[in-house]
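Please keep the sequence and the structure in view while reading.

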Amino acid sequence: MTLARVLSGFRSDPQFMANVAAWQTVHGQPAAYVPLPERLHPSIRAALRSRGIEQLYLHQGIAVEAALDGRNPVVVTPTASGKTLCYNLPILHASLLEPEARTLYLFPTKALAQDQLAELHAWRSALAEQGAGISVATYDGDTPSAQRARIRQEARLLLTNPDMLHMGILPYHTNWEPFFARLRYVVLDELHSYRGVFGSHVANVLRRLQRVCAFYGSRPQFICTSATIANPAELAGRLIEQPVTLIDENGAPRGEKHIILYSPPIYDAERGLRQSSVLAAQDLAARCVLGGVQTIVFGRSRLVTELLLTYLRERVGRAADRTELGGDARMPVAQMIRGYRGGYLPGERRSIEAGLRSGAVRGVVATNALELGIDIGQLQAAVLCGYPGSIASAWQQMGRAGRTREASLAILVATAGALDQYVIRHPEFLFERSPEHALINPDNLMLLVDHMRCAAFEAPFERGEPFGHSPYAADVLSLLAEQGDVQEQNGRRFWIGAAYPARDVGLRSSGDTVAIQAETGEGQTVIGVIDAASAPLLVHAGALYLHEGQSYNVQELDLENGLAHVAPIEADYYTNVVAETQVETLAERQIRAAGGAIAAHGDLRVSVQALGYRRIKRFTHETLGVFPLDYPPRLLETSGYWISVPPETQAALEQAGSWRDSVNDYGPNWEEQRQRVRTRDGYRCTQCGAPEPPGRQHDVHHLVPFRVFGYVPGVNEAYRDANRLSNLVLVCRTCHQRLEAAVRVRGGLDGLAYAVSNLAPLYLMCDPSDLGVHVRRAEQAAAQRNTAESLQPPAVFIYERAVAGLGFSARLFELHDTLLAAAEEMVASCPCPYGCPACVGPVLENEHAFLETKSLTLALLRALRKGA
């Protein structure tokens, strides 16, 4: 009844209902049962009946029969549909019939393995009552060293993750000989999480696993489970490189689920600006929690998660009436409302999970770390702060509420961004469109070379021996021989390189991490970890790091030693980094003229550097200050797709007055004014005080951007006002880039980049974070020398964030015409008059430039598509 009251309160709230784009009720369904398979061991059937299970759901029965028949089942059913029994029953059956049989469970996270360990311990107890026994253990980074030798020899059911298999088991397979020689089953749980770079790595780890098994004479079966995706059989086939049997007939019952798509109200109709999705999400979550509904809130990033946690705790703490809250109302709010994300220590995570199962924790704010199938009890409501980037993830997160036959609620709170607003304006996209394809490329040469190094270390390659189904195995072995990593003897290639190559290969990132070390009254404590590539962007000096609602000031980032030193602080602000991206074209793979555009894809070198950061006041989101940073750039060689604007298209737009993306003529008095500014400012940067370096002059920056003044050579003298000394300051290159990033007027190229980069994931069916975007303007190659060298054409680049790429850029090249047509439709149909975050991105609050962004973007899109 508590959920019914909350839903009634929402329906009777006119302000809430005015911003509901869709309210869909997914009706419950009864269970579809089949009898317990007769082939199952009698002790298992008896144990099932002792747990009140007299029959199986339809998909469970089909999966068990398929496994017992020797096939590789792939079970694809919704969250909380009982997929665990699909693999546990045949595995326990084999363990009872064959006392020496072994099983390897692979879970994408340690938390999932711990969750399943509890389930298997319950089975062990139930079977012990039937006189049968099994040995179960986890083996991961948290396993004490003193226990590892015993586990290697005794464990028959081993739970681990791909990272540990890669680094801690396969390289030492000789210590695991009894296990690999008798390996009967391999479980791949949460199959849909093995996509992109991580999935491509895991596919190669599985090649190595099957190679080691063959060395010891075993050929295990695979049992896979997945959330609903478009291509589960294809993905499973690419991962295990064996035939699979798809099982997607869900027999589990489900309760009624209310799904609400909510767009925060607009507070500035001209600019299309909406209330913060963070504030809206915490308000709706607080109404659920205070109404007695146990609630999970999902944020898309660590920062958003910690902000939501802080806001929600404050809101619940201010409530005068907490009688309906549930649990122990006397418990401190910090214990009733918890955070959960990657970087929390194992003890913290398990305490939070237990609190959710017991009901003591009434609300949890999480990243996608809780998206997967960890048992966190019977939550009734899920609030998603922002579209999580894929349909599969959205349904996974919404499925965390309503894991019983009871009614449940899921609310998707859209941000003001284009992707979120597209979903809100097209609810059928979420409810009717097939979910995304999970894509992997195990033959990405950089990944393949790394894993074949590991495989050669694990066992010599015989002449002509394949590596899975890779067509490049022989070529890679030849490369390793040239590099001196392997040596051929009697037709076999032996590893002679540096020991333990797996140590240098991370499955999820570069492998390097930074520990976040807090200075407290009790000494130094590690409160989290972060990958080294993200450290300059998230834990730079001066950053505000949030952990469990507590603010920490980053005092120093020591990249060399992998440490970020932080100290607790009371602050009413948060920080946001300003970064610069540069893109260099290394090779063009394909290029073609497409209407008024040039489309291409190929190899790129991308440099990303943190230039500074902003302090932003909580709740009001007012910028309190901008501060410089000085960290080395991060380099990435990858694949990309780009749209270039050829000279004739640019000329036509200039003639029509619809081009503002290149300014090469600052007027006849520019050089004179530059020298005056340099003299006035003492040849030092006015932002950081740095003197001009030898051989290079500092830049002169327009406080109000030059293009705002509308200077046209030979037509007006607007340059005089733009170049007045009060509008000019001397800045070093780093500060100049930071200031430009903060205040530069958005033109047509910016609007094009924003629209295309937001639409691309919908067509690629990938996560938005898999892609980056960069705008190259038509500026002189040697602007500082004021020469008239040749120009590079303006372009918009969309690049893959994976080293060497996974094939997304080639697909975008094929979709070029479709992508531009969709972008034009999105911008033209947006109801805002001048541009907004839902179409071309936020516009500068300047009366001269603000009116042009949307019209310039539309003009550019139509010119690029002309004749297409």
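The model is predicted, so local features need pLDDT of at least 70 and side-chain atom pairs count only at pLDDT 80 or more, while totals for chains, interfaces and linings use all residues. Residues are numbered from 1 along each chain as its sequence is written, and side-chain values use heavy atoms, with hydrogens and water left out.

Asparagine 490 is not a glycine, yet its phi is positive, at about 55°. Most residues other than glycine have a negative phi. Asparagine 490 lies in the loop between β20 and β21; helices (H or I, at least four residues) and strands (E, at least two) are DSSP runs, numbered from the N terminus. Strand β20 (residues 486-489) pairs with strand β21 (residues 492-495) in the antiparallel sense over four bridges, where pairing requires that DSSP finds at least two bridges between two strands. Across this pair, valine 486 stands opposite tryptophan 495 in β21. The hairpin has two residues between the strands.

Where is glutamate 241 found? Glutamate 241 belongs to the loop between α11 and β10. Its phi is near 55°, a positive value in a residue other than glycine. Glutamate 241 counts as buried because its relative accessibility is 17%.

## The parallel sheet

Seven strands form an open sheet in the order β6-β7-β5-β8-β9-β4-β10, with parallel pairing. The edge strands, β6 (136-138) and β10 (245-247), each pair on one side only. From one strand to the next, the twist averages 15°; angles run from 0 to 180 degrees between N-to-C directions, and axes are lines fitted to C-alpha atoms, for helices over the stretch in contact.

Within this sheet, strand β8 (residues 183-188) and strand β9 (residues 221-226) run parallel and are joined by four bridges. Valine 186 has phenylalanine 222 in β9 as its bridge partner. Helix α10 packs on the sheet and touches β5, β8 and β9, and its direction makes about 170° with that of β8. Helix α6 (residues 110-129) lies across β5 (102-106), β6 and β7 (157-160), running at about 170° to β6.

## Helices α10 and α11

How do these two helices meet? The axes of α10 (residues 196-215) and α11 (residues 232-240) come within 7 Å and cross at roughly 50°. That angle makes α10 oblique to α11: under 35 degrees counts as roughly parallel, over 145 as roughly antiparallel, 65 to 115 as roughly perpendicular, and the rest as oblique.

In this contact (heavy atoms within 4.5 Å), Gly199, Val202, Ala203, Leu206 and Gln210 of α10 meet Arg238, Leu239 and Ile240 of α11. By class, there are five nonpolar, two polar and one charged residues; Ala, Val, Leu, Ile, Met, Phe, Trp, Tyr, Cys and Pro count as nonpolar, Asp, Glu, Lys and Arg as charged, and the others, Gly among them, as polar. Helix α10 also holds alanine 214, which is exposed, with a relative accessible area of 54%. The C-alpha atoms of alanine 214 and phenylalanine 180 are separated by 8.9 Å, although these residues are 34 apart along the chain.

## Strand β28 and its partners

Of the 21 residues of β28, 17 are buried, so that the strand is mostly covered. β27 and β28 run antiparallel and are joined by 20 bridges; glutamine 590 stands opposite histidine 601 in β28. These two strands form a hairpin with two residues between them, and glycine 595 in the turn has a positive phi of about 65°.

β28 also pairs with β30 in the antiparallel sense, over eleven bridges, and here isoleucine 598 has serine 644 in β30 as its bridge partner. Strand β29 (residues 623-628) runs antiparallel to β28, with five bridges between them; the bridge partner of arginine 614 in β29 is valine 626.

Helix α29 (residues 853-865) has 13 residues and should span 18 Å at 1.5 Å a residue, which agrees with the 18 Å between its end C-alpha atoms; the expected span is 1.5 Å times one less than the number of residues. Among its buried residues are Leu856, Leu860 and Leu864. The elements covering the buried residues of α29 include β27 (573-594), β28 (597-617) and α28 (816-829).

How values were computed. Buried < 20%, exposed > 50% of the residue type's maximum accessible area, 1.4 Å probe, protein only.
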